[in-house]
2 protein chains.
Amino acid sequence: MKSWKDNLRKIEPYTPGEQSKAGGVIKLNANENPYPPSPAAAAAIKNFDAGALRLYPDAGGALLKNAIAEYYGVESKNVFIGNGSDDVIAVSFQALFSGDKPILFPDITYSFYPVWCSLFDIKYKTCPLDSNFRINLNDYRAENGGIIIPNPNAPTSLGEGREFIRQLMSFNKSSVVIIDEAYVDFGGMSSICLTREYENLLITGTFSKSRSLAGLRIGFAIGSETLISALEAVKNSYNSYTVDSIAMAAGAAAIKDDEYFKSTVKKITDVRKKTASQLQELGFKVLESQTNFLFATHSNADMKDYFNYLKTQKVFIRYFDLPRINNYVRITIGTEKDMCIFIEKTRQYLKNH
Amino acid sequence: MKSWKDNLRKIEPYTPGEQSKAGGVIKLNANENPYPPSPAAAAAIKNFDAGALRLYPDAGGALLKNAIAEYYGVESKNVFIGNGSDDVIAVSFQALFSGDKPILFPDITYSFYPVWCSLFDIKYKTCPLDSNFRINLNDYRAENGGIIIPNPNAPTSLGEGREFIRQLMSFNKSSVVIIDEAYVDFGGMSSICLTREYENLLITGTFSKSRSLAGLRIGFAIGSETLISALEAVKNSYNSYTVDSIAMAAGAAAIKDDEYFKSTVKKITDVRKKTASQLQELGFKVLESQTNFLFATHSNADMKDYFNYLKTQKVFIRYFDLPRINNYVRITIGTEKDMCIFIEKTRQYLKNH
């Protein structure tokens, strides 16, 4: 007899970055922000009327969409919101990449892209980064069912200018291009303004990194009404209410507090600069980061061993055992104090190995 | 030239129940709870350390899973959590109904089921309820790729006993059976205890109805480790963190406050009984509800017209323009005061039409 187990889906899931339950850990492995969210967001949570939670959230998400639209100078109908940018991008894959041709993305990039392709039966082809981990624009001239590129890219930390996106759009007219701007606020160049010119350009963003709200799960996309409507249709076929009422209130408060946002971003980019210099002095090669993390290697040290050593010292960074980058590490920028300890432990490692 | 629009997905989305932005509306159209969530949940939100939101939520969801497991007397590994039960059931469709044969569900039921089938390319066949809107068990003896039945069913409000589920399981051994228990706390009979006996039985539930947390989006499923692992694999291929940190804290606090839960459920079932009697006195036929809503019709009145009249009176109920039930209305049980006004407006309508 056929077993009920035959109807279960066989799928290799994405493995999220290691979380430690132990105390005293310096957590530089998930690109989280070392600073708390805006006090305005904290106040929005504290003052939230819990009684209102008996009602479903506003399925249209007006409060948060309006705040995002105002911040970016677009209209509310050009904004889509979701349960973190993972949800937003997953919906985008389903809604915008439903052609027959393979979609294109870099060989070294966010590791969720191939997982979504597998989940939604989307064909894909990866385009190799060059030897400096830069994107080769011409690779994307190939026929395709869609393109997704993170800008800045992860885990390389490298960003491209707006002219790059403009060129990409100029020759890619028969499919949708998604630029994943999860890290753009730390020194990258946003292409949100180009969504006015290119109806097939979608930009995705998140409140998890630069706005310190990873725990609340808020992602968004900005694009033409045609694209946003396609996203809404898929979202409303899956789950009408993906962003909860408290997340909407806190998110709207957070994006309005631009002063706090700018000050924390500046602290992170200042510490990044200092940390990069220190690593270089210790003989590391550090890529020119436009993100809240560094991607680095060392010609005289085994990065996997270094990563494991730091773990024993309660400093968690990220190592990817993947082709081409298996002697690199990704280091999230923490507080100045976190990074002092990190540099000290790194110095110790290099001395002893 | 091929247009980028050809790659967009064409899909007919689910339309959520109407929400009114106008004040003074009595909202009996979305099966929301008229009472606020437990004060313990409210306190968990107020006291939540907003600084912790800079970190991603616990992807394993231990806090909330443990609280649910303890409440239902199962183990944490038998619990799955998601962004509302819509998310939980959508993941279940993807994870558990991936065979070739059609899945089965009642012809009159939660209208999201066919939408998910369309989104995930799952074949389905509906089984007609009998003339009393009861499920005919024998219909589910057909070969199938899975079965989903809400118990109690919606919008009929009718529930089945545990023996019914046991019989269903006894002849359905080659596919997964999902029992959607969104409304079970209002007088239905839960089959959670049967998940120990039947490895292919999954029960889904929600904090949106009986626990007054629709605004926070918390759903769950309980089943064998095999089923839960299949759900986790799909969830981790979509979005690693679907339940945010505040929702987990508030949800765990809510489920521990059993006294408050029992008192609000009792208030609702008491008001339901009274409202059902009053409607019957006014000539309505009211189905024997085990939910927080009534499903009713009147032999001398047009229910669509009645529904529209109530709307003009700022009383929102739900009408479905669907075969077999297009002279019925679904009325959520509100507070005693809400229902007094509803009955008064109903009396007025019957007098004038």
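This is a short chat about the contact between two chains and some local features of a predicted model.

User: What should I know about the model before we start?

Analyst: It is a predicted model, in which local features need pLDDT of at least 70 and side-chain atom pairs count only at pLDDT 80 or more, while totals for chains, interfaces and linings use all residues. Residues are numbered from 1 along each chain as its sequence is written, chains are lettered from A and ligands numbered from 1 in the order in which they are written, and side-chain values use heavy atoms, with hydrogens and water left out.

User: Which three residues of chain B supply more of its buried area than any other three?

Analyst: Trp4(B), Tyr56(B) and Tyr238(B), which supply 13% of the area that chain B buries against chain A.

User: How many salt bridges across the interface of chain B and chain A?

Analyst: The rule finds one. The rule asks for a side-chain nitrogen of Lys or Arg within 4 Å of a carboxyl oxygen of Asp or Glu. Glu199(B) pairs with Lys5(A), and their closest N and O atoms are 4.0 Å apart.

User: How many residue pairs are in polar contact between chain B and chain A?

Analyst: There are 37 such residue pairs, both residues being at pLDDT 80 or more. A polar contact is a pair of N or O atoms within 3.5 Å; within protein, one must be able to donate a hydrogen and the other to accept it, and residues adjacent in sequence count only if both atoms are side-chain atoms.

User: Switching to helix α4 of chain A. Is α4(A) mostly covered or mostly open?

Analyst: Mostly covered: six of the eight residues in α4(A), residues 112-119, are buried. Buried means under 20% relative accessible area, exposed over 50%, partly exposed in between (1.4 Å probe, protein chains only). The buried residues include Phe112(A), Trp116(A) and Cys117(A). After α4(A) comes Asp121(A), with a positive phi near 55°.

User: Where are the cis peptide bonds?

Analyst: One joins Asn151(A) and Pro152(A), with omega about -5°. Pro152(A) sits in the loop between β5 (147-150) and α5 (162-171) of chain A. Another runs from Ala154(B) to Pro155(B), with omega near 0°. Pro155(B) is in the loop between β5 (147-150) and α5 (162-171) of chain B.

User: What about positive phi in chain B?

Analyst: Ser212(B) has a phi near 55° and is not a glycine. Ser212(B) lies in the loop between β7 (201-206) and β8 (219-222) of chain B. Lys314(B), also not a glycine, has a phi of about 65°. Lys314(B) is in the loop between α9 (303-312) and β11 (315-316) of chain B.

User: Is Ser212(B) buried or exposed?

Analyst: Ser212(B) is buried because its relative accessible area is 1%. Lys314(B) counts as partly exposed, because its relative accessibility is 40%.

Note on methods
Buried area = accessible area lost by both parts, 1.4 Å probe. Helix = DSSP H or I, 4+ residues; strand = E, 2+ residues; numbered from the N terminus.
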